[in-house]
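Hi,

Here is the structure I promised to pass on. Have a look at it first, and my notes follow below.

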Amino acid sequence: MKILVCIKQVADLESRFVVPDGATWFAETDLAFRINEYDEFAIEAAVQIKTALGEGEITVVSLGPARASDGLKKALAMGADQAVHLLDEQGPVKDSWQVAQGIADWAKPEGFDLVLTGMQSQDRGSGQVSIFLSELLELNSVSCAVGLDAEASLLKVERELEGGLRAMVEVSTPALVSCQLGLNTPRYPTLPNIMKAKKKPFETIEVGDLKPNGQDVQWMGAPTSAGAAELIEGDLASQVAKVVSVLKEKNLVG
Amino acid sequence: MKTLVIGEVVQGKLAETFSELLGFSAALGAETSGLILGDTTDRPSFSGTLYVAPGAEYAPKAHKTVVLEAIEKEQPDVVVLMHSAFGWDLAPRIAAASGGQQLSEVIGFEGGVYRQSCCNGKLQRKIKPGAGLCVVTLQAGAFAASTAEGTPSEVALEQSVDSAVKLTGYKQKPPADVDLTKAEKIVSAGRGIGKPENLEMIQALATALGAELGSSRPVVDAGWIDAAHQVGSTGSTVTPKLYMACGISGAVQHLAGMKKSELIIAVNKDKDAPIGEVAQYLVVADLLEFVPALTEALK
C-alpha cells in the first residue's frame, strides 16, 4: 500500500503573534515551530496501518518554506519511509486552493492508495486543503476521523459529529482521510529512530506557479476585543482574596 | 445578492442551525433558496425555494452532485453551510468544482468583506471574495438565528447512491453519570494541569464550590478523564452560573461550549490566552499554586 501523509509546519500556538502594519501574516522571528498537531495523528495513523498490514510505504510531504524540513525529519523519525519537501517560501500566505494544487501536482502521478492528513491546521484552521486535495486527486475522502480501521481495500472511519455523536463510514481505497484530535496517541521519536531517519530518502522540489482562488486577504490583526477579561495579577494571597470576593458578591459561595 | 443555504440532517432531524444560515442570509439582505440533504419531515420557515434531496445523511460525492444541480438552477452568489462536521466536509467539495473559493468558519460579514478567526482566536483576518461563486461556512452562534416565517415552495431533487462512501450508522456517546448541562457550577481542567494526578486538585476545588468537574478536549484525549466531562462543541454545551477554567487556553471549540456561562473565571499563566475573550476575570497565575490556595480559602 502506498501511503501519503501531508503535514504542515506551524508556529507554536502558545506564542504571542504580531502582525506588522499592512502585513497579512504574523512575523515569524523568534517563534518556535512544530508539526501541526492534527497532522501528528495522521503520521501516527499511517505508521500504525503499515504495522497492522505488515506492508506498505509511507511518504510524508510538506509544502512550505525551508523550516518545513524540520517537521518532515520528525515524521521520518516517527516511522515514515521517505520525505518530500515541496519548497515554497510563500507557503504560509498561499490560499488553501493553491496549497492543495501544489501537493496534487506532485502527488497525482505517484498513485497513492491512502492519503492521510490532519483535518485542519492550527494556524489558519480552514480545514480545506485535505478535501481540496482529495477532489484534485479524484479520491474518495472522509474528514474528521476519530477512529480508523484500515484493510487493504476498505477503510472503516468513525467521524466525530457535534455533541459527542459519531458517524460510522465505510470508504473504499484509494481514499483520503483527514484526522481529528484524539484519533490515536502520536509516538515520540526514539533516539535510534531519529538517527535512522537521517539516512532515509529526502527530496526537495521547488513549487511552480499555483493558481490562486481570487480571494484578497485585506487585513490580519488582533481581534478588537469587546469585553476582554479583567486580569487578576499580583501576589497569590491577593489573587485568592479577589476571587473569593467576586464569588461572594455573586452569591456563589456562603 | 442570492444565497443557497444548505441544511444537514442527522438521524432524521434537520439541524436547528438552519435558522442561523437563514439569519446570515437575511443579514446580507439576500434572496434565499435552501437545500436539505437527507430524509426528514422537518421543514424550515422562510420565503423562497427549498430543494429537498432525500437519501443518505452523509454521502460526499452524491451530496456534491445535488448541490451543484441546485447551484445550476438558482445561480447563487454565495453558498452557505454551518462550520460543522457536515459543513466543513462538503463546502470545499462544492468550491473545488468552481475555482476553489471557500471561506471557513466565518464570524462576520461587513461591507462585502468576510471576517475569520485564526491562530486559536488570537488573530483575525478580513477577506474580500473574488469574482465567482463563494462557498462559506459559518461559525456556530456567530450569526443570529432567523425568526422569519413562511412556507418555502418545495422542489424535489434526487440523490444518487454513493457506492464508494457509505454511512453505516451512528454511535451515541454512552450515558454518563454526570450531566454538565444541568450543572449550576463547573470547574474545568485543561491541558495546563500538566499531568493526570493534578486532576485531584481541580476536583477538590470543584467540591469546595459545590461544582461539577469539567474538562477541555486534550484532557479527555489523553485519557485522564472520561469524555462525559468534556465541555465544547463536540462535548457538552453548558450555561452554568459559574464556570472556572483552569489551565484552559480557550480553543474555539471549547469556547463554543461554555461562552454563555454567567460568570467565567479563568486561571492561566498566559494573560493573552484566548479564554480571556469570554471570561470576566483571568487570574494570571500558576494553577498548581492558585487552585489549592483558593480551595483552602473557601473551606
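Let me start with one lysine: the side chain of B:K122 reaches the backbone oxygen of A:L13 at 3.1 Å, and also that of A:S15, at 2.9 Å. Both are polar contacts (N or O atoms within 3.5 Å, one able to donate a hydrogen and the other to accept it; residues adjacent in sequence count only if both atoms are side-chain atoms).

Before going on, some ground rules: this is a predicted model, where local features need pLDDT of at least 70 and side-chain atom pairs count only at pLDDT 80 or more, while totals for chains, interfaces and linings use all residues. Residues are numbered from 1 along each chain as written, chains are lettered from A and ligands numbered from 1 in the order written, and side-chain values use heavy atoms, with hydrogens and water left out.

B:K122 sits in the loop between strand 7 (113-118) and strand 8 (123-128) of chain B; strands are DSSP runs of E, at least two residues, numbered from the N terminus. Is B:K122 buried or exposed? With a relative accessible area of 14%, B:K122 is buried (under 20%, 1.4 Å probe, protein chains only). Leaving aside neighbours within four places in sequence, B:K122 is in contact (heavy atoms within 4.5 Å) with residues of both chains, including A:E14, A:F17, A:A222, A:P223, B:D270, B:D272 and B:P274.

Best wishes

Notes: Helices (H or I, at least four residues) and strands (E, at least two) are DSSP runs, numbered from the N terminus. Buried means under 20% relative accessible area, exposed over 50%, partly exposed in between (1.4 Å probe, protein chains only).
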